[in-house]
Amino acid sequence: MDDSARMIGAPLDAALDLAACGIPTLPAHIPAPILGQGLAGCSCGRVACATPASHPMGKLGRRDASTDAQMLCYWWGAGGAWRTANVATVAGHAVEVIELLDYPPHWSEIADWLAAHRAGNGPVLGVDQDTVRFLGSPRRSGRTRSTRLAVGWVRRLARGELVLMPPSRLPGDGEVTWLTGPHMPLPDGKQILEALTQLPPPEELILWAKQHDHAAAG
Ligand SMILES: [Zn+2]
């Protein structure tokens, strides 16, 4: 099966699945070819698009994100122009989105750390090799926060920021994937943010995880 055949149906299925988890979505633009640069452009057609493949289709706005199956079928349905559109949700509405950037991917240790801080076992998005995004339950107030770690950054996405969900495609040849999820209860977004903000440098995290394992086994 080639790539375009594989994509048909997938965004609608993903949107319906997210709706079942209570996460509203809306269709967003997809990567488009630029001569000599591969899929670096945006399907909106603007050469200088500031947010390629991550802004809403047509006249849709962030408030239009929906969990209504009829609406989702209308947007991504087989006959429609948007059937291969990216699937996006909106940060700070149904989900809080916390991004971990440039931290080496010691997955099982990070998962242990989150679990030990009562922020574990939630859905996690892989965006690219340097970026993972943790979904948590939203809170109604609080400002966007960006915290520098010994290695990397933790950032809480601003309320209203568009968040691409699987199987959305990224400019270039990347794709958003589930590292875990989406069918699990959302941990408290505030706990995730706090736990990630306290992440030690990677070598200390690995040491911590070993001791933690040992303590758990003993
Ligand atoms: Zn665009």
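These notebook entries record what I looked up in the structure, which is a predicted model.

**Entry 1. Strand β4**

I began with strand β4, residues 86-90, and asked how many of its residues are buried. I found 5 of the 5 residues buried, so the strand is largely enclosed by the rest of the structure. I then looked at its two faces separately. N86, A88 and V90 lie on one side, and V87 and T89 lie on the other. Every one of these residues is buried, and I therefore noted both faces of β4 as covered.

**Entry 2. Partners of β4**

I next asked which strands pair with β4. Strand β1, residues 26-28, pairs with β4 in the antiparallel sense over 3 bridges. Within that pairing I located P27 opposite V87 of β4. Strand β10 also runs antiparallel to β4, and 4 bridges join the two.

**Entry 3. Helix α2**

For helix α2, residues 10-20, I listed the buried residues: P11, L12, A14, A15 and L18. They cover an arc of only 165° around the axis, which puts them on the same side of α2. I asked what covers these buried residues, and the elements include α3, β4 and β10.

**Entry 4. Helix α3**

In helix α3 I recorded L72, W75 and W76 as the buried residues. Viewed down the axis of α3, they fall within an arc of 75°, so they line one face of the helix. What do these buried residues pack against? I found α2 and β1. On the other side of α3, I noted that Q70 and Y74 are exposed.

Most residues other than glycine have a negative phi, and most peptide bonds are trans.

I noted A53 with phi near 60°, a positive value in a residue other than glycine. I placed A53 in the loop between β3 (38-42) and α3 (69-76). Is A53 buried or exposed? I counted A53 as buried because 26 other C-beta atoms lie within 10 Å, where the cut-off for buried is 20 or more.

R118 is a further case, with phi near 55°, positive in a residue other than glycine. I found R118 in the loop between α4 (107-116) and β6 (124-128). R118 has 12 C-beta neighbours inside 10 Å and therefore counts as exposed, the limit for that class being 12 or fewer.

**Entry 5. Cis peptide bonds**

Finally, I asked where cis peptide bonds occur, and recorded two sites. One joins P166 and P167, with omega about 0°. I located P167 in the loop between β10 (162-165) and β11 (177-180). Another cis bond runs from G181 to P182, with omega near 0°. I found P182 in the loop between β11 and α5 (189-197).

Notes. Residues numbered from 1 in each chain as written. Predicted model: local features only at pLDDT ≥ 70, side-chain atom pairs only at ≥ 80, totals over all residues. Pairing = 2+ DSSP bridges. Arc of directions from axis to C-beta. Contact = placed C-beta atoms within 7 Å.
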